[in-house]
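Please open the model in the viewer and keep the selection tool at hand.

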Amino acid sequence: MNWYGIKAIYIHEMERFRRTLFQSLASPIITTSLYFVVFGSAIGSRITEIDGINYGSYIVPGMIMLTILTQSISNASFAFYFPRFTNTIYEILAAPLSSFEIVLGFVGAAASKSLIIGCVIILTANFFVDVRIDHPLLMMFFLILTSITFALFGFIIGMYAEGFEGLQIIPILIITPLVFLGGSFYSINMLPEFWQKISLLNPVLYLISGFRYSFYEVSDVSLFTSTLTILTILIGCIIFITYTFSKGYRIKD
Amino acid sequence: MKNILEINNVTKFYKNSVKALENVNLNIKEGEIFALLGPNGAGKSTLINSICGIVNFNTGTIKINNMDIVKNYRITRKMTGIVPQELNLESFETVWNNVNYSRGLFGKRPDHNYIEKLLKQLSLWDKKDSKIKELSGGMKRRVLIAKALSHQPKLLFLDEPTASVDVELRKDMWDVVKKLNEDGVTIILTTHYIEEAEELSDRVAVINDGKIILVDEKDKLIKKLGEKTIKIELFEPIEKINGNLSKYNFTLDQTNKIISHTYNLNSNTTDITELLNDVKKDGYEIKDINTEQSSLEEIFIKLIKENNNELVRN
């Protein structure tokens, strides 16, 4: 293993995060605060509790998931696309690094950034509502696994994107709607039966549900199904990346 | 001297089926400066990128220090460094971070003393904390060289190292290249500045349309394919070349005072002593003698023209 190479990529990416620390943290903090104001106060005044949990507290896991998903994808996709755009990728391709090591460096950094942001959101949420974590280890398991999985997904976008616009399309058109419709701010039990069934087709629902269980022991679907879903997406991303790398990363041909 | 790089029958197609390299065979000796000449789009960069692992090639083998670059990529890539043609750098990073990052990528443990020495050698030490965006084009080019040397490679590829740099900086760069070579680094450079190849290289290859059309020692090449012109200035103008001089294919200039004869350096058809004796025998008084030798550039243009004509014929 080229540990120095992995470390170089990881530190290089984290250094970018440090350089833009204010923008990186300010945006999720402000967004979280706005969600609390809009959803917590405006809607929360009408929906006081869901499954016995105060509405403001109920939406915290969903908000964290929303941020983790979008941040993991955007961090990893940008991190890999940017050197492609500036042509500095030549150095990574010429270095004695295996594809696994390249992915480990980029995805590790993207997931780390998301985890930091996730923790900052939990702290921010504490200023607005009571946040209880019944199963901290399970919470960390979901948080880490989701960060890694969606950083891998972002890495794929970074490999395939043909422009900066390409980096935005999937997060805006697919991920954000899936998160909003995946029970971030409500329980699917509140929906009519037809829409409940439709919601079950949304994989993000399972992630949010499992994650929420680790906080309050309430969920829309079983913990096993949630775990299976996140592992399936993770394996899918790994297979896809392995296949793309075996074909020459799309940039070596 | 042993070969540090061996390229055998390498062919490369791009996705759109464009053939970039066709059965390329080339050996590079350890310690030499080798120039790869060719017009734009000839395949120079593709060949270098194939050797360095930046692009995949389709068939053939490439060995560095007798090791296959695909099977033993971890060892062979540690031995190579590449300076790309474009100024591809992270604008917001400092020189120091940029160079240390490159060393890390190549699997070397941090060595601040070596990086300091390297930056001083390349006159970059004062700029170590400057961001890349604050540097001039010449400085950026030096940073690229520092990055390529950060892991102490044995084989350095310079892809058009002095493209779009001024004359002074070009000479500066040449000194850097010569110094590196003296320190034991084998250098392969691509260029279309023939002057550069002439100044730096020990051997030269000419590539055109993805094929190597010639490999030879620079001096031999000039000798083999080069032409020399002897210009004899006479005291008195002459009207016509005749007598003993008619056998030499002389030409007369507009002043009717300078006669010129062009001959191939490799052929033994022109005996200069005899030629000068014949001038004297015909009763001409010589005022001055001047000789001009064809440059690598003229040889290069001639070769490419011949090769293109051959391609059209086929």
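At what angle do helix H5 (residues 99-128) of chain A and helix H6 (residues 136-160) of chain A pack? The model in view is a predicted one. Select these two helices: they pack at an angle of about 130°, and their axes are 8 Å apart. H5(A) and H6(A) are therefore oblique to each other. As the view is turned, note that H5(A) passes H6(A) in a right-handed crossing.

Now display the side chains in the contact. H5(A) contributes Ile102(A), Val103(A), Phe106(A), Val107(A), Ala110(A), Ala111(A), Ser114(A), Leu115(A) and Ile122(A). From H6(A) come Met139(A), Leu143(A), Ile144(A), Ser147(A), Ile148(A), Ala151(A), Leu152(A) and Phe155(A). By class, this contact of H5(A) with H6(A) comprises 15 nonpolar residues, two polar residues and no charged ones.

**A second pair in chain A**

Next, select helix H3 (residues 55-86) of chain A together with helix H9 (residues 203-216) of chain A. Their packing angle is about 130°, with the axes 9 Å apart. H3(A) and H9(A) are therefore oblique to each other, and their crossing is right-handed.

The contact of H3(A) with H9(A) divides into 12 nonpolar, two polar and one charged.

**A pair in chain B**

Move to chain B and select helix H5 (residues 137-149) and helix H6 (residues 167-182) of that chain. The axes of these two helices come within 11 Å and cross at roughly 15°. H5(B) and H6(B) are therefore roughly parallel to each other. Their crossing is right-handed.

Which residues meet between H5(B) and H6(B)? In H5(B), display Gly138(B), Arg141(B), Arg142(B), Ile145(B) and Leu149(B); these meet Leu169(B), Asp172(B), Met173(B), Val176(B) and Leu180(B) in H6(B). Six residues of this contact of H5(B) with H6(B) are nonpolar, one is polar and three are charged.

**Between the chains**

Show both chains and colour them separately. The size of an interface is often given as the accessible area lost when the parts come together. Between chain B and chain A the buried area is about 2700 Å², of which carbon and sulfur atoms give 53%. In chain B, the residues that lose the most area to chain A are Glu90(B), Tyr101(B) and Leu105(B), together 25% of what that side buries. Counted by contact, 32 residues of chain B touch 28 residues of chain A.

Side chains of opposite charge can pair when their charged atoms come close. Across the interface of chain B and chain A there are four salt bridges, while the count over all chains comes to 20 salt bridges.

As a last stop, select Arg16(A) and Glu90(B). These residues form a salt bridge, with the closest N and O atoms 3.8 Å apart. Arg16(A) lies in helix H1 (residues 3-19) of chain A, and Glu90(B) in the loop between strand S6 (80-83) and helix H3 (95-105) of chain B, so the pair joins two chains.

Conventions: Residues are numbered from 1 along each chain as its sequence is written. Chains are lettered from A and ligands numbered from 1 in the order in which they are written. This is a predicted model: local features need pLDDT of at least 70, side-chain atom pairs count only at pLDDT 80 or more; totals for chains, interfaces and linings use all residues. Side-chain values use heavy atoms; hydrogens and water are left out. Axes are lines fitted to C-alpha atoms, for helices over the stretch in contact, and angles run from 0 to 180 degrees between N-to-C directions. Helices (H or I, at least four residues) and strands (E, at least two) are DSSP runs, numbered from the N terminus. Angles under 35 degrees count as roughly parallel, over 145 as roughly antiparallel, 65 to 115 as roughly perpendicular and the rest as oblique. A crossing is left-handed if the near helix is turned anticlockwise from the far one by less than a right angle, and right-handed if clockwise. Contact means heavy atoms within 4.5 Å. Ala, Val, Leu, Ile, Met, Phe, Trp, Tyr, Cys and Pro count as nonpolar, Asp, Glu, Lys and Arg as charged, and the others, Gly among them, as polar. Buried area is the accessible area (1.4 Å probe) that two parts lose on being put together, summed over both. A salt bridge is a side-chain nitrogen of Lys or Arg within 4 Å of a carboxyl oxygen of Asp or Glu.
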